[in-house]
Amino acid sequence: MKAAGLSLKRRAPRGPGDRLARPVFLSCAVVTAAALVAVVGVLGVETVRFFGTVSPGRFLTEAAWTPFAEEPRFGVLPLLAATAQITVGAAVFAVPAGLMTAVYMEHYAGVRTERVLAGVTTMLAAVPTVILGYVALTFVTPVILRTLWPGTEAFNAMSACLAVGLMILPTVIVFTRSALRSVPRALMEAGLALGAGRGRVVARVLVPAALPGIVAAVFLATARAAGETMIVTLAAGNQTQLAWSPLEGLRTLTAFIAQSSLGDAPSGTVRYGAFFAVSAVLVAVTWGLHATGSFLISRTRAGDAG
Amino acid sequence: MSAVSAPRAEVPALAADDLTVRFGGRTALAGVTLEVPRGRVVSVIGPSGGGKTTLLRAFNRMNELVPGVTTTGTVRFNGVDLHGEEVDPVEVRRRIGMVFQQATLFPRSIFDNVVFGPRAGGHAGELQELAEEVLVAAGLWSEVAEDLDRPAMELSAGQQQRLCIARTLALKPEVLLLDEPTSALDPAATARIESLIHSLRRDHTIVLATHGRRQAARLSDFTAYLAGGELIEYGPTEALFTNPRDRRTESYLTGRIE
């Protein structure tokens, strides 16, 4: 082989792919950013227009949402409360289950069990939410809930909570595992070397050490739950009410938006504007939850380094 | 634990007999036979990867926490087989305490770290007194007495390692396994730990894995030289250092093997 010599000059001309790479990648990035700006812009413009008719104060404080009444009222609280109910309900189910599954997979399961569970988690994450919604409607409510509480309505919050919980379970598991993994393995050994049982080391040392990451996992999961549409539309129904019984139906922010998109609100009407105002609230909620989760995760990582 | 028939004085605190430990396909210890006399300091020296840590971990059944490990041969503690049917590894680890190379404090307060072991063992007495006692013994009391509630992670590296020793002392172990406790420390902190080890020898049997040949010479009564998982030489520290029988030991001691 001939020596290449010491020259650092370019030996082969750059092909078009090489020259185009940067602008192509950049334009893709720009499209992503532009799409986000467009979404925020559309929401913003229509929301501001809506607030020209309905004051933001009334929108945020009034406890009735009756856009189709003769004297329509646009208080977002019932929708917001319904979203909160579904989100919290789903978390009540998914967080303990996900946390314990993650702890089991990280600290108890053998290699094979862990692999099976990881596969199951991935498959669960891949189930389309429309299917979870139908399972809630056609199985959870009639078979489980009605057996326990015969008076359960056909559309009810509880079945939606369970299905949404199932949907966010993989998120909780995956992020909790990664939080647990960021705790040095040596801490487990140190705990065992001090004559503690495995369960005690997990509960007193490892979970507390991973707590910021676990809390972040919960926020990321609840952001998904708050934005979930299909399951709540199918299983929780469309009754706008401040219903505190989980066995009754309710309507979340997302369910209202989904219903509005069916086209019964002509463009330019107040009802049309309401759709955007509710969307803006929803986006604010999910962004808030997501940003909190991301912030906590970034802080955990920074903490590791320092 | 089952009865010990032999007179206590003659039974070594720890005894490995033809001990072999494999991690998957890798042999970490190959047929090691050695006795640790009660109340003495035994140092284990040798190159990295020579089996020092594995030997220490065999003495309190820590190796079995690693998936895929196989152990053959026996380890006896006060004459009792550590792998006997009725032996509880948790109890083993309470009687044979271990301090790791890296300080492995829990992200909790100094106090919580010190009393972690006693709490786990359902300690009946006053935890505050116990904490003071072992912090004094570890030479840390005067530095932390005022702020036991401070996060342990805020201590200096040397203080952290002394806290790890205090935490292990709180178990009231008979044996201390110290796995290169000073390898991550500066000379000043190392000197403090060494004088601490020196003071602990009064009440404990100590096995000290160390990279420092001089540290072994300063602190121990007996020295074992481990390389490639084999026990090359074992004997009184002075004899081994001044007149090694094996050429490989001599090479290591004179610095020709790292």
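**Exercise 1.** Identify the residue of chain B with which A:Glu189 forms a salt bridge, and give the distance.

*Solution.* The criterion is a side-chain nitrogen of Lys or Arg within 4 Å of a carboxyl oxygen of Asp or Glu. A:Glu189 meets it with B:Arg57, where the closest N and O atoms are 2.7 Å apart. The count of salt bridges between chain A and chain B is 1.

The model is predicted: local features need pLDDT of at least 70, side-chain atom pairs count only at pLDDT 80 or more, and totals for chains, interfaces and linings use all residues. Side-chain values use heavy atoms, without hydrogens and water.

**Exercise 2.** Describe the contact between chain A and chain B by residues and by area.

*Solution.* Step one: with contact meaning heavy atoms within 4.5 Å, chain A gives 16 residues and chain B gives 20 residues. Step two: the two chains bury about 1,600 Å², 69% of it on carbon and sulfur atoms; this is the accessible area (1.4 Å probe) lost on putting the two parts together, summed over both. Step three: on the chain A side, A:Glu189, A:Ala193 and A:Leu194 lose the most area to chain B, together 37% of what that side buries.

**Exercise 3.** Decide whether chain A is a compact globule or more spread out.

*Solution.* The radius of gyration, taken over C-alpha atoms, is compared with a globule rule of 2.2 Å times the number of residues to the power 0.38. For 306 residues the rule gives 19 Å, and chain A has 25 Å, well over that, so chain A is more spread out than a compact globule. Its C-alpha atoms fill a box of roughly 85 × 65 × 35 Å along the principal axes.

How values were computed
Residues numbered from 1 in each chain as written. Chains lettered and ligands numbered in written order.
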